[in-house]
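User: I want to learn how labels are given to parts of a protein model. Please test each label against its definition.

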Amino acid sequence: MESPLKNIPMDVQLELQDKFEKVSKLLNEESKLDPPNNPYRSKYKAQTILNEMKTLITYHMDDLASDDAERPRIHAMLGSVLLNLGVTSLDVEELSTGEEQLNNCIDTMEEFRLHPLCIIFVLNALNQLGILWSERDDPKRSLELLGLAEQTYKDFKADQQGASKAVSPYDLFSTSDKKDDGEENLEKTHTLTLYYLAQVYGTLGHTLKSALYCHNTLRRQLESKEFDPIDWALNSATLSQFFATHNGFKEARHHLAAAQLILDRHKETLDQQEESTEEKDAKLERLNHRSADVSRCWAKYGLNLLQMSQSRLVRLSNEDAPDGRIPPCVEDGSLTLRNLAVSSLISPDEVENLTFPSLELDVLETCVTDKPANVFEEARPIFLNAKDWLDKAKQYYTMENHASDAVEIMQDTSRLYQSLIFFEDDEDRQSKMHKRRIDILEEALGQLNPQFYLPICRQLWFELAETYTEMFEIKRQKMRSSDEGPTPHSLHKINQLVAKGVQHLNNFIQSLYAKGTKSLPEVIQEELVRPLLLAFFYLGKLYREFIVPDREVQLRNLNNSIDAYKFIVTYCDKHESAKNLMSAELGICREMLELLPLKLRRLSEA
Amino acid sequence: MASVKVAVRVRPFNQRELDMGAKAVIRMDGKKTRIVNLSKTAGDVGFKDFTFDHSYWSFEPSDPDFATQEQVFEELGTEVVASAFEGYNACLFAYGQTGSGKTFTMTGPPDDPGLIPRICEAMFGKMQEEQEDKNYRVDVSYLEIYNEKVRDLLASSNPSGGLRVREHPRQGPYVSDLSHHLVTCYDHVAQLMERGNRARCTAATNMNDTSSRSHAIFTLTFRQAGLGAEGLPCETTSKVHLVDLAGSERADATGATGQRLKEGAHINKSLVTLGSVISALAEKRVGSFVPYRDAVLTWLLKDSLGGNSKTIMVAAISPADCNYSETLSTLRYANRAKNIVNQPTVNEDPNVRLIRELREEIYKLRGLLGEETQPKVLAELQQKEAKEKSLTAEWAEKWRETQAILREQQALGLRKAGRGVVLDSDRPHLVAIDQDDRLSTGVTLYHLNRNGDTVIGAAEGSDIVLPGLEPHHCIVTLKDGIAVLTPKNGYCSVDGLATETSSRISQGSLIGLGRAHVLRYNDPAEAAQLRKEGRVMSRSSLFGGSTSDLNLNVEERELETERRRLAREYEERKRQLDEERRRLEERQREAEEQLRLREEKLEEQRRRIENKKEEELEKREELQELEKRVVERLATLQERQKRVAELDAQLEAAREEVETARLALKERTEAELQAMHKRRASLSLALNGRGRLGPPSSDDSFHTATDQPQTLWPPDSALSDSGLGLASPGEALARKVAQQKEKILTALEDENCDKEALNDHIAHLQELQREQIRLETKMNGNFKGGPARRPLEAEVDEPPITVRANAFRRHSAFELSSP
């Protein structure tokens, strides 16, 4: 507690304390019970009392000598009153008044802004002004104010070096011995500053900055021990998704491990609660649900790592300088956030230590690497780990109860295989993995009712066509490189794969038919135009991949191919907007339409 | 069709705003909505414009462009109804802060109903219209999502963790244990909606909250069963979701509900919303999994957002300046509403590879197809080729004559000189130059007879026949390379000088004949001689030269003209031919069509005949079958008749026997009676002295005879034995049954009646009816025998079926049942 003031009579001090308690009660408790037709009743009451307090304090402040030892405290008291006035004004939608009061608050304490008595009010006032300007659609102004709050906090910490602790508003007016934890209050206020900064950076498009502040917010929540474990874990896992898609695999893994640990701990606590009540069931359901979500985040991590490894190797092989010089990033062998930091104009040091030092995460982190894979032997463990997580997630997200999530998991499994295939050299094993993908996707498709899951079904038709095409290409490659030339069996296999690809593309196209008809509508839904035209584009190619001796069939396939290109060109000629969507493909289609009829003629003349 | 339609509607000032002296900040113009910023703090007066599918001006009823409920329904609601009948799902959202007119637009007051009642009414109306060949079934559910928990607003209680949201692979997304209520008319719908709204309000008060904090989804599931296009039975199900989204108040800082759907520019104050901030970060990339919080709403509407569904969003706004920021955020949200629709994502990777491959293929094709592959040129060339082919044919035809002449007239030669065509002849000749007739085209060349006369005149038989001359106009005599013109009857001139006597003509001389004809004399031999001698300065040659030039030009021109004429003719002929070909093709097509039709008809007839044949065959078979059966039947009948006769005989015998016995009995009885009388007489005689004992009028033997039936049947049923007295016991039962039915019906009228009691009643009723059947069967069996049972049974069975069905229908309207 603070000792009684000399400059203010005791009865006035008691009155202030009494008024402060009343205001606290009005704002924190009674205002919640205000009737809808008078929603600000308690706040208006609080305003009156706060204004009285302001008058009392100002009266005694005038007499103070400039070197009076009690000046900081009395200024802090006035600052506290002004802060409360300002916040209340904002609450009752008197925005400009509130702004003025908050500015006054900061002015009053300017001299002592780093004083333990004042710091909390200064930070709060800056936070509030930051919110105000954000709501006025001026995020830059908001950023300035919140940045100042962050700096002020840092200055205070540096200045005090932990010597004296911040004093809570309650203690400021209290004449008793009871002590409120000012330090905790200060830290909470700073956490809010960081959280607001995260949002403002997000609004301004500085995603990495925003992510850094989100991380800091999470870290501080963890340290304050005031958080909902499931929310926290989910947030950490979600943040990992940002890192994992920006080459920050080390950070992503760390955040996932943290999420996992917090969930495991929470599960233990829940398990210790003995009786099975309805409430506990609900809690368990939530835990299982969110654990499955974190599992899926883990799986996405693995998938991203494999995909990133692949594109890295592709890039390297393209960069392969003729003089045999190995680009520097290969020696490094890792993918990091550094590049993003540099392009975001952030010091790479800032992205160095995005960790939760208070958590013991080594064991969880060693389950999977954070380094890109170069060879199959390195890719395989990543694949297996991710597949494990998907299998785990599948236990909650069952087909029976969570159809679309279950299908998404199956799609991810297929993608995992696809990523692994890149590292596999053996054609037969590549084929087998593609077959595995096909089995998974066809199983998913077979179970779904297109009436309810049309978008997913369309996705699956597309993916299946893609997979069949990839598998077909492997077979064709194999046939071409074999010495014995094509066998009837390999030809049959190839035609089968092509036919399947064609079939799935046609399924996709037919799903767009106008109801009750057997043709496409004149105008296609905007968001489906590109997928549809692409389907025709793929079809145009696939029809020409059939290997058949019969000239009639050849002609038919070639005609189908021409029709597919014709559809694209005709649609684009009719709809200007489609032209832009197909800018890369349209030229090719036109050329094909010039050449293929010649080929057709040759064929029919031959 | 655009998958999402967005409409904005502004309401009039409310009393509170009028009291505050509010100013209007909304302007509308066509599809455009403008919000004006009158805020003092901002200092500047700016505005923002938004364009929507509809902007409804419902601010001042007296305005000419005031948008009525009717208009809003016509433009938005009818589409919902239509798509539901077509089998599409539809989704109607209302969005906006509390008091912005959402309820007015969606529900409306009874005297000016909003979208929901109008949509329902239109749906039930349409069902009535189309009921003929179709069956409809509509059920209703109503739920709210509060803090990600789903509550059934039409159930009496909800589990504390909320209902679970599930997605079945075949049946789509659903809420497990959510109640569904069968409805038959709009009143019923309204009733349920009101009930749900009440539940929503109470719950909100308990939680110390306002209703706008939760999303509410009212769902009509609409099933149509009927015969499809090919006469096959088909059933379609469509859902109409009517969604009241959580409001956009600033107070909504703690709940994450609706956060994802909302404008993210403003700072969330509470750390509870950290998740949505992080989600927004991660969501920007594909390939990541973002377990966002607001899943339930989007999840439940999955089958309505995206895919083949109609989505309409109505954003309700207040016109007043005091609501500026809320209104702005509503407009911004509405502006982005299209983003809530799921869009298919397409993997672009294979595309890049494919494009590369196709480029290679194109390159290869070009090589393969060689020079031809100047693509456009080639196509044109092909066309030209075809054209040229026919052109050549035409020309060949046309020129055959000419060529014949050229061949025949060996002296003639045709050659090209630059652009001109030169007709060469090595013999002296005349070339006609029709100076006066500007319209004449073509060049005529007359060879002169070698060493002899060439007669020129109009008369037939002249060597050179020219119209408009005298019959024997003149003679040109060629002898030893010298040509002499001798006029006969007509006017002649040489090089412009009239001559009446023979005059020599030389190379290049112009000969005038009559009024119209001018001929030029050419002697190649002389010309060659002249060229050799270099005599170019002679008068005649000067003149001749120039005329010669002229003549040549004329020749050229005329050749050109002839060519053009031929070309025109060719074009014309070609056109005609084309026309002809088209006509022919047309006729052929028609003929083919007719042939096809006739074939079809024939086929049809053939089929019909075949069918008939088959039918006849069948019939004949049937007939034979029948005949066989008749024969069989006759045989059995005869058999039976025989047996009947036998039986008759037996019966007759038996009857006789009985008759005999009866007679015997009668005799015996009478004898006994008489004996008895005698005995009684003697007894009474004896008793007369001792007083009365025992029944006065019955005797012992009579007693024993009537005792037996009385113990076998109870008094009232005893009558049925006679076959007349069915009335009494049956009626009692029937009465009981009727009473029981009455009881059930009253129970059904009573909403609160519990299911068990009802079931008891029904069971009892069935029991009674069974008894009735038993009784009647028995009675029937008693006096009619077996065959009569059937109709009776059917008659009795009917009522319980209808009652049961009735009970089910009414029942499911009030009770819970899960999908």
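User: Why is Glu144(B) called buried?

Analyst: Glu144(B) has a relative accessible area of 3%. Buried means under 20%, exposed means over 50%, and partly exposed lies in between (1.4 Å probe, protein chains only). The value 3% is under 20%, so Glu144(B) is buried.

Two notes on the source. This is a predicted model: local features need pLDDT of at least 70, side-chain atom pairs count only at pLDDT 80 or more, and totals for chains, interfaces and linings use all residues. Residues are numbered from 1 along each chain as its sequence is written, chains are lettered from A and ligands numbered from 1 in the order written, and side-chain values use heavy atoms without hydrogens or water.

User: What do the side chains of Glu144(B) and Arg151(B) form where they meet?

Analyst: They form a salt bridge, at 2.3 Å from N to O. The rule asks for a side-chain nitrogen of Lys or Arg within 4 Å of a carboxyl oxygen of Asp or Glu. The 2.3 Å between Glu144(B) and Arg151(B) passes that test. By this rule, the count over all chains comes to 65 salt bridges.

User: Why is Arg151(B) called partly exposed?

Analyst: Its relative accessibility is 22%. Arg151(B) sits on the uncovered face of strand S8 (residues 149-152) of chain B, together with Lys149(B). The covered face holds Val150(B) and Asp152(B).

User: How do you know that S7(B) and S8(B) pair?

Analyst: Count the bridges. Two strands pair if DSSP finds at least two bridges between them. S7(B) and S8(B) have four, in the antiparallel sense. Leu143(B) stands opposite Asp152(B) in S8(B). The two strands form a hairpin with two residues between them. In the turn, Asn147(B) has a positive phi of about 50°.

User: How many bridges join strand S21 to strand S22 of chain B?

Analyst: Six bridges join S21 (residues 474-479) to S22 (residues 482-487), and the strands run antiparallel. That count meets the pairing rule. Thr477(B) has Val484(B) in S22(B) as its bridge partner. Both strands belong to an open sheet of five strands in chain B, with the order S20-S19-S21-S22-S25 and mixed pairing.

User: Why is one side of S20 and of S25 left without a neighbour in that sheet?

Analyst: S20 (464-465) and S25 (503-505) of chain B stand at the edges. Each has a single partner strand, so one side of each has no neighbour in the sheet.

User: What makes Asp49(B) and Arg34(B) a salt bridge?

Analyst: Their closest N and O atoms are 2.8 Å apart. That is within 4 Å. Asp49(B) lies in strand S4 (residues 46-51) and Arg34(B) in strand S3 (residues 32-37) of chain B, so the pair ties together parts that are 15 residues apart in sequence. Asp49(B), at 35% relative accessibility, counts as partly exposed. Arg34(B), at 30%, is partly exposed too.

User: Why are Arg596(B) and Glu593(B) said to be about one helical turn apart?

Analyst: They are three residues apart in helix H12 of chain B, which means a separation of about one helical turn. Helices (H or I, at least four residues) and strands (E, at least two) are DSSP runs, numbered from the N terminus. The side chains of Arg596(B) and Glu593(B) meet in a salt bridge at 2.9 Å, N to O. Arg596(B) has a relative accessible area of 38% and is partly exposed. Glu593(B), at 36%, is partly exposed as well.

User: What makes Phe537(A) and Tyr538(A) an aromatic pair?

Analyst: The structure holds 26 aromatic pairs over all chains. Phe537(A) and Tyr538(A) stand 6.4 Å apart, centre to centre, with 45° between the planes. Rings of Phe, Tyr and Trp (its six-membered ring) pair if their centres lie within 6.5 Å; planes under 30 degrees apart are stacked, over 60 edge-to-face, and the rest tilted. The distance passes, and 45° makes the pair tilted. Phe537(A), at 0% relative accessibility, is buried. Tyr538(A), at 11%, is buried too.

User: Why is the pair of Tyr136(B) and Phe222(B) called stacked?

Analyst: Their ring centres are 5.7 Å apart and their planes are at 10°, so the pair is stacked. The pair links distant parts of the chain: Tyr136(B) is in strand S7 (residues 134-146) and Phe222(B) in strand S12 (residues 215-227) of chain B, 86 residues apart. Both residues are buried.
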